[in-house]
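Hi there,

Here is the structure I promised to pass on. Have a look at it first, and then read my notes below.

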Amino acid sequence: MSQTPCIICVAITGSLPQKSDNPAVPITVGEQVESTHEAFEAGAAIVHAHVRNDDGTPSSDPEKFARLKEGLEKHCPGMIIQFSTGGRSGAGQTRGGMLPLQPDMASLSVGSNNFPTRVYENPPDLVQWLASEMVEHGVKPEIEAFDLSHILQAKAMWERGEIAERPYVQFVMGVKNAMTVDRDVFEYYIHTVKRLFGADVPWCAAGIGREQITLNDWAVSNGGHARTGLEDNVRLNKTTLAPSNAALVRRVAEICDKYERPVASWQQARQILGLSPAA
Ligand SMILES: [Zn+2]
C-alpha cells in the first residue's frame, strides 16, 4: 500500500451545475472563496476553478479569475490554484485568457472527444497555443485524459518541449459518451503513465456523478491523487445532496483513512507536483 500523501483536488464550481441542482454550488466569486476556504480546511490542497456570471452561465472573464485568485490567496494561503481552460467556459483562445494571471496550474485538454450533448473540441492549433501560454507564464498543466490517446499525446508534446515538465495526468471517467468507468482501462492508464513518464510519476483521477466516489476509491488505493467537488457530482448519495464542497473533501479523507494514506498538506502537494513552495 502506498503511503505517499494523497493530494485532494476540489473542483468547486465547473461550468454546468446550478443552484437549482444544489444550492451549495458556489457561483459568485465571494461564494467560491468561502466554499474553497471550507474545503481547504477539510484537507483539499488544490482548487480547480471555473468562473461564472452572476446568473450562473459560464464565463471566461480574466477579471473574474483575477478577483478569485486574489480572494483565494488571501483566505487559503498556500493552496494550489488551478484554473480551467476547458471548453465549456469559452471558445478558442478566450479559454486561456486568464493564463497571464499565472495561477499555479491550469487544466489542459490535448485531444477531442464526445461530451453528453456535443463534441468537446480541442483542435491541435488551440491545444498548442494553450500549452505555449502555460510555458510562457510558468503555469503547470494538468493533462485531462478523457481517452488513452490523450496520454500518448501528452508524451509527444513533452518530447517536443510543448509541455515544460513531466506531464501530470488526470484520468477522467464517467462522462456520458466519453470514456466509461472501466477498471481494466483504469489500470492500463496507470500502467501507461508509469511506462511513459516513470514509475514514480504522480497522477490523479476524477469520476463524474455517482462514479466520483468509485474513482476516489480506485485512485487512493492505487497510489494516485483524487479529485472531488460539486463540479463533478452534487450528491453524497442517491437521495442526499452534498451540503458543501468540504463535505465531498471529507469523504475523500475518509477513503484515505481507510487505505492508511495521509492527506497531503498544501506544502506536501507542492513538493509532489514540483511547484514553488510558496504561493
Ligand atoms: Zn473543470
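This is a predicted model: local features need pLDDT of at least 70, side-chain atom pairs count only at pLDDT 80 or more; totals for chains, interfaces and linings use all residues.

The buried residues of helix H2 are covered by, among others, H1, strand S2 (46-49), strand S3 (51-52) and S5. Those buried residues are Phe-65, Leu-68, Lys-69 and Leu-72. Looking down the axis of H2, they fall within an arc of 100°, so they line one face of the helix. The arc is taken over the directions from the helix axis to the C-beta atoms.

Residues are numbered from 1 along each chain as its sequence is written.

Helices (H or I, at least four residues) and strands (E, at least two) are DSSP runs, numbered from the N terminus. A residue is buried if 20 or more other C-beta atoms lie within 10 Å of its own, exposed if 12 or fewer, and partly exposed in between, with C-beta atoms placed from the backbone. Two residues are in contact if their C-beta atoms, also placed from the backbone, lie within 7 Å. The expected span of a helix is 1.5 Å times one less than its number of residues.

Now for the partner of H2. The axes of helix H1 (residues 29-42) and helix H2 (residues 62-75) come within 9 Å and cross at roughly 35°. Axes here are lines fitted to C-alpha atoms, for helices over the stretch in contact, and angles run from 0 to 180 degrees between N-to-C directions. On the H1 side, Val-29, Gln-32, Val-33, Thr-36 and His-37 take part, and they meet Lys-64, Arg-67, Leu-68, Gly-71, Leu-72 and His-75 of H2. By class, the contact of H1 with H2 has four nonpolar, five polar and two charged residues. For these classes, Ala, Val, Leu, Ile, Met, Phe, Trp, Tyr, Cys and Pro count as nonpolar, Asp, Glu, Lys and Arg as charged, and the others, Gly among them, as polar.

Helix H3 (residues 124-137) also has 14 residues, and it reaches 20 Å from its first C-alpha to its last, close to the 20 Å expected. Which of its residues are buried? In H3 they are Val-127, Leu-130, Ala-131, Glu-133 and Met-134. They cover an arc of only 155° around the axis, which puts them on the same side of H3. Strand S6 (105-109), strand S9 (140-145) and helix H4 (148-159) are included in what covers them. The face of H3 turned away from this buried side carries the exposed residues Pro-124, Asp-125 and Glu-136. Just after H3, Gly-138 takes a positive phi of about 65°.

Helix H6 (residues 212-221) has seven of its 10 residues buried, so it is largely enclosed by the rest of the structure. The buried residues of H6 pack against strand S10 (168-173), helix H5 (183-197), strand S11 (203-207), strand S12 (225-228) and helix H7 (245-258). The axes of H6 and H7 come within 10 Å and cross at roughly 35°. Ile-213, Asn-216, Asp-217 and Val-220 of H6 make this contact with Arg-251, Val-252, Ile-255 and Cys-256 of H7. These residues divide into five nonpolar, one polar and two charged. The crossing of H6 and H7 is right-handed.

Finally, some loop residues. Gln-102, in the loop between strand S5 (80-83) and S6, has a positive phi near 55° although it is not a glycine. Asn-177, in the loop between S10 and H5, has a positive phi near 75° and is likewise a residue other than glycine. Glu-231 lies in the loop between S12 and H7, and it is buried, with 25 other C-beta atoms within 10 Å. Leaving aside neighbours within four places in sequence, Glu-231 is in contact with Ala-11, Ile-12, Thr-13, Gly-14 and Pro-17.

Best wishes

How values were computed:
A crossing is left-handed if the near helix is turned anticlockwise from the far one by less than a right angle, and right-handed if clockwise.
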